[in-house]
Amino acid sequence: MKHKIQECLSFVYEDSWTHRHDEMLNARIENARKVITKKRKPHWDESDVVLITYADQFHSEKEKPLPTFNRFYSRWLASIFSHVHLLPFYPWSSDDGFSVIDYYKVAEETGDWQDIAALNKSCQLMFDFVCNHMSAKSEWFAHYLQQTPGFEQFFIEMDPQTDLSAVTRPRALPLLTPFTLKDNSVRHLWTTFSEDQIDLNYANPDVLLAMVDVLLTYLEHGADYVRLDAVGFMWKTPGTSCIHLEKTHRLIKLFRAIADDVAPGTAIITETNVPHKDNISYLGNGLDEAHMVYQFSLPPLVLHAVHRQDTRALSQWAQSLTLPSQQTTWFNFLASHDGIGLNPLRGLLPEDDILALVADLQKEGALVNWKNNPDGTRSPYEINVTYMDALSSRDSNDSQRLAKFMLAHALLLTFPGVPAIYIQSILGSRNDYEGVEKLGYNRAINRKKYQREAIENELMAEDSLRHQVYQSLSRLVKIRRNNHAFHPESDFTICSITPAVMKIVRAANTDEKITALFNFSDCIQTVDAGVNSGIDLMTETLVSGQTLTLQPWQVMWIKK
């Protein structure tokens with residue numbers, strides 16, 4: 001392990017990595033080995049299902065949000081999920097947590113580390129490592145502005161005359177932001193995402209040491225999964241795209257080697273909302289980079305299949321999915337705190353199809369975020385909408401909404417990999433236009449926070465859509481977690497029997513086999529499913545005969 005660490009450091013830093021840096025890194029790693037006593041689960045399996053949520057998702061008058069969340073989780077969610085991904089719960093200044101003021105603290109208004117430890121008793125934890133940038137309100141940045149010795153090179157200064165036209169831009173915002181230092185000099189700093197999110201300068205070995213300390217702190221606090229946020233942008237070289245550079249990959253390998261050393265079983269997960277071929281590059285050779293990558297192409301491809309009532313593009317893409325080793329897998333999701341990314345569709349669908357999907361969703365109330373291209377044009381990069389409303393039209397009834405919603409989530413739970421479900425999905429949430437108007441940004445449409453008592457009353461109301469979604473999706477997750485055929489690494493085959501009907505077969509080494517059928521249409525479909533007999537886990541009824549009939553939007557999980 002030490003050899004891997006040294007190999008990465010030598011490649012990235014060459015002679016700028018000194019004996020002092022080596023001593024500091026080794027001392028910090030050694031200390032972490034002594035502190036970390038928690039044993040991680042050595043490998044994922046079919047029981048791993050992740051809940052994605054904010055730490056301040058639920059509020060009550062009597063306590064702070066984190067203990068309130070813990071109570072809600074114990075009552076409603078502990079029997080469903082194995083892991084909880086707590087989106088950044090540190091002090092922050094913008095972007096709902098992703099502009100971190102202090103990596104080492106729990107936001108005081110939310111709770112404290114004891115609340116995190118209490119949650120860890122009932123589930124495994126996933127933390128965000130916001131490693132590309134930090135808040136302009138942070139102490140580190142204040143030291144930089146005050147020109148405190150040791151912080152001079154913590155952030156990336158750039159001459160505004162530098163040709164940065166090749167840089168990949170995720171936002172329609174300026175790449176460089178001017179700041180005035182203590183001596184009244186003005187420096188232009190690299191700000192990939194916003195003027196409040198200052199990119200860290202990994203070319204400075206002291207920055208790496210500081211961020212490794214952050215990573216080890218999260219492992220010491222019990223993180224089982226670590227999400228590397230916006231990690232593709234970490235290394236900058238003017239004249240290049242400044243995304244997916246080789247030194248970024250080497251830094252991820254370094255983080256992986258350190259985590260493997262001090263907390264074996266920790267999963268390093270890269271978040272790169274980019275075209276599929278670039279996304280999967282972060283799996284490396286399957287042995288030394290990310291353990292999982294976000295499956296960013298899945299959410300928009302499922303939407304495309306539902307809106308077109310045609311599964312062929314989704315099937316063709318899924319047939320191409322291969323992993324470099326059994327030490328890697330997919331992190332699958334449909335909805336998250338962000339919008340539905342469109343860049344992961346590029347290269348999989350014609351641009352006209354992507355724009356048509358955007359237009360369809362806009363007609364039904366979705367919002368859209370845009371990005372600037374190097375040639376001066378603009379293109380849509382993200383759809384902002386709850387997944388419930390993305391699947392259905394405004395004039396749909398609740399039965400139709402539920403049917404499409406369950407079809408999409410059954411597909412998510414059938415796919416190879418570890419599935420993750422966003423809190424708004426298990427709650428059956430609709431578009432929050434009031435939140436958009438109040439907060440002033442599109443992503444608020446899918447980030448509503450709740451009073452605990454009010455949301456619990458809605459979940460208990462048997463005639464409500466929330467109740468129906470919660471009951472149906474909970475049952476689906478529990479079925480998945482109890483069938484070995486859904487192990488992330490069990491055999492996977494997929495095809496479109498007809499344009500509207502998809503078949504997925506999952507088969508485990510124990511001879512357990514499940515054939516999943518999905519009717520992506522509003523018409524009854526009769527198909528030759530190639531199944532002699534079995535139990536449909538959805539209805540708990542016996543299925544026999546080669547020819548099967550599926551109702552509109554129906555799913556079958558037929559177990560041999």
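User: What volume does the second largest pocket have?

Analyst: Start with the general idea. Rolling a probe the size of a water molecule over the atoms shows where empty space is left. In this predicted model, the second largest pocket comes to about 510 Å³.

User: Which residues lie nearest the centre of the second largest pocket?

Analyst: They are R171, L173, F193, S194 and Y441. In total, 22 residues line this pocket.

User: How do the residues of that lining divide?

Analyst: Eight are nonpolar, seven are polar and seven are charged.

User: What is the volume of the largest pocket?

Analyst: The largest pocket has about 620 Å³. Its lining holds 39 residues, and P170, F233, N273, V274 and N343 are the closest to its centre. Two elements give two or more residues to this lining: β14 (367-372) and β15 (378-384).

User: How many residues in the lining of the largest pocket are nonpolar, polar and charged?

Analyst: The lining of the largest pocket has 15 nonpolar residues, twelve polar and twelve charged.

User: Now a single residue. Where is P65 found?

Analyst: P65 belongs to helix α3, which covers residues 65-77.

User: Is P65 buried or exposed, and why?

Analyst: Buried, because its relative accessibility is 7%, and the cut-off for buried is under 20%.

User: Which residues is P65 in contact with, leaving aside its neighbours within four places in sequence?

Analyst: P65 touches A55, D56, F58, H59, E109 and T110.

User: How far apart are P65 and Q451 in sequence and in space?

Analyst: In sequence, 386 residues separate P65 from Q451. In space, their C-alpha atoms are 9.7 Å apart.

Definitions and conventions. Residues numbered from 1 in each chain as written. Predicted model: local features only at pLDDT ≥ 70, side-chain atom pairs only at ≥ 80, totals over all residues. Heavy atoms only, no water. 1 Å grid on protein atoms, 1.4 Å probe; cavity = no way out; pocket = protein on both sides within 12 Å on 5 of 7 lines; lining within 4 Å. Points joined across faces, edges and corners; volume = space filled by probe spheres on them. Helix = DSSP H or I, 4+ residues; strand = E, 2+ residues; numbered from the N terminus. Nonpolar A, V, L, I, M, F, W, Y, C, P; charged D, E, K, R; others polar. Buried < 20%, exposed > 50% of the residue type's maximum accessible area, 1.4 Å probe, protein only. Contact = heavy atoms within 4.5 Å.
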